[in-house]
Amino acid sequence: MHTDPDYSAAYVVLETDVEDGLKGYGITFTLGRGTEVVVCAVNALAPHVLNKDLGDIVGDFRGFYRQLTSDGQLRWIGPEKGVVHLATAAVLNAVWDLWAKQEGKDPQTLVSCIDFRYITDVLTEEEACEILRQSQVGKKEREEQMLAHGYPAYTTSCAWLGYPDATLKQLCSEALKDGWTRFKVKVGADLQDDIRRCRLIRNMIGPEKTLMMDANQRWDVPEAVEWMTKLAEFKPLWIEEPTSPDDILGHAAISKALAPLGIGVATGEQCHNRVIFKQLLQAKALKFLQIDSCRLGSVNENLSVLLMAKKFDIPVCPHAGGVGLCELVQHLIIFDFISVSASLQDRMCEYVDHLHEHFKYPVLIREASYMPPKDAGYSTEMKEDSVKRHRYPDGEVWKKLLTAQGN
């Protein structure tokens, strides 16, 4: 579906009047064209943030979240979905980066950040508090486990559509040498080509390694079932985004049909909001839940989804890659293990090895695992030179590209 991405981001910087010049940095990931629309939406939300006191915002973070998502006029082009919600994520990610630089967030404080509107039939505030309270048991040991070993990751870098066989073999071989044991392959363009590529990759990684497949929303429901039945011989753990991200009952039908084959359904990277996740869980439409740090309304909304996933006993395996998604989502998934799910069973986080060089605090991968970040904040700050060079349309990189196109 996304055949010509130009990885981009809307970048928000919240400046403060404190003497040390403390700033908060937020992003939302885009694929190029359309980023300017997200920027317009960010500017439309700006009056809700400008000249506000951080203490007042986080003192009623639930109210502030609802203020952004329920703007009486902007809500009409949502609500809580599409461009305006991507912009909300960028703004809130910047607020969380700012707030995270102030230590100490107890469970009750975190719950107070969640807007439970529309999900209380599945998760109440009291239930959320109880989940976090129960997860205090063993928390210290889990923190030590993360510091020592990190959070398990999987790689998507080896098997993009369009790679020639020689490249697939080379990348798989290098990944195996680097200790990767979980691999994802893109499928859905051509069945016979998928069979050939999946056979090549499965032979490369061996039967004991984990293989996942990602269709990026290419199929209708019957087509998804038929296609994956023919790919079942390669023992995929899941098929990701087999159909439209809005088709909850379609995902449920696919999930039911593929269960006897041992194939789970994974989805979430383009789910609009917590309500869609609520319904996916209620409908038993997924076996693996994939949050996105820039699609939902930042940490506030992702917290509600992590807690619902815990209640339904569905593993969270976040979407990452893009611009800064790995940097952000590492915080969410490590928090999930330490303070919510308390489990690594069938859990892993996506990793794509590109564009990290543009971030001041890039992710650290060791032995195919995310190592916990040590710097305060949400790891969203980009290097000043990278921002300057890549800023559209007056950055050096864009000036060269636009000049070349003009010639």
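**Charged pairs and their surroundings**

Guide: Asp-115 and Arg-274 are both buried. This is a predicted model, and in it the side chains of Asp-115 and Arg-274 form a salt bridge, with 3.8 Å from N to O. This pair joins distant parts of the chain: Asp-115 belongs to the loop between α5 and α6 (125-134), while Arg-274 is in helix α12, 159 residues apart. Arg-274 also meets the side chain of Glu-80 in a salt bridge, at 2.5 Å from N to O. Here too distant parts of the chain are linked, since Glu-80 lies in the loop between α3 (61-69) and α4, and Arg-274, in helix α12, is 194 residues apart from it. Glu-80 is buried, as is Arg-274.

A further salt bridge is found within one helix. Asp-194 and Arg-197 are both part of helix α9 (residues 191-205), where 3 residues, about one turn of the helix, separate them. Their side chains meet at 3.4 Å, N to O. Asp-194 has 0% relative accessibility and therefore counts as buried. Arg-197, at 1%, counts as buried as well. Returning to Arg-274, salt bridges with shared partners connect Arg-66, Glu-80, Asp-115, Arg-274 and Glu-301 into one network. In the whole structure, the search finds 22 salt bridges.

Beyond its neighbours within four places in sequence, Arg-142 is in contact with Ser-135, Val-137, Phe-337, Ile-338 and Ala-342.

The account now turns to the nonpolar surroundings. The largest nonpolar core has 115 residues, and those touching the most other members are Phe-61, Val-187, Met-213, Leu-231, Ile-239, Leu-289 and Tyr-370. Helix α4 (residues 82-100) supplies the largest share of this core, 11 residues. Apart from this core lies another, of 7 residues, including Tyr-154, Trp-238, Phe-288 and Cys-317. Met-213, a member of the largest core, has contacts beyond four places in sequence that include Val-187, Leu-231, Trp-238 and Ile-239.

Aromatic rings pair as well, and the structure holds 12 such pairs. In one of them, Trp-96 and Trp-99 are tilted, with 5.1 Å centre to centre and 50 degrees between the planes. These two residues are 3 residues apart in helix α4, so about one helical turn separates them. Trp-96 counts as buried because its relative accessibility is 7%, and Trp-99 is buried with a relative accessible area of 7%. Together with Phe-61 and Phe-64, Trp-96 and Trp-99 form one aromatic cluster.

Along with α10 (221-231), β6 (238-240) and β7 (264-267), helix α12 (274-282) is among the elements covering the buried residues of α11. Those buried residues of helix α11 (residues 248-258) are Ile-248, Gly-250, His-251, Ala-252, Ile-254, Ser-255 and Leu-258. At the start of α11, the backbone nitrogen of Gly-250 has a side-chain oxygen of Asp-247 within 2.7 Å.

Conventions:
Residues are numbered from 1 along each chain as its sequence is written. This is a predicted model: local features need pLDDT of at least 70, side-chain atom pairs count only at pLDDT 80 or more; totals for chains, interfaces and linings use all residues. Side-chain values use heavy atoms; hydrogens and water are left out. A nonpolar core is a set of buried Ala, Val, Leu, Ile, Met, Phe, Trp, Tyr and Cys residues joined through side-chain atoms within 4.5 Å. Buried means under 20% relative accessible area, exposed over 50%, partly exposed in between (1.4 Å probe, protein chains only). Helices (H or I, at least four residues) and strands (E, at least two) are DSSP runs, numbered from the N terminus. Contact means heavy atoms within 4.5 Å. Rings of Phe, Tyr and Trp (its six-membered ring) pair if their centres lie within 6.5 Å; planes under 30 degrees apart count as stacked, over 60 as edge-to-face and the rest as tilted. A polar contact is a pair of N or O atoms within 3.5 Å; within protein, one must be able to donate a hydrogen and the other to accept it, and residues adjacent in sequence count only if both atoms are side-chain atoms. A salt bridge is a side-chain nitrogen of Lys or Arg within 4 Å of a carboxyl oxygen of Asp or Glu.
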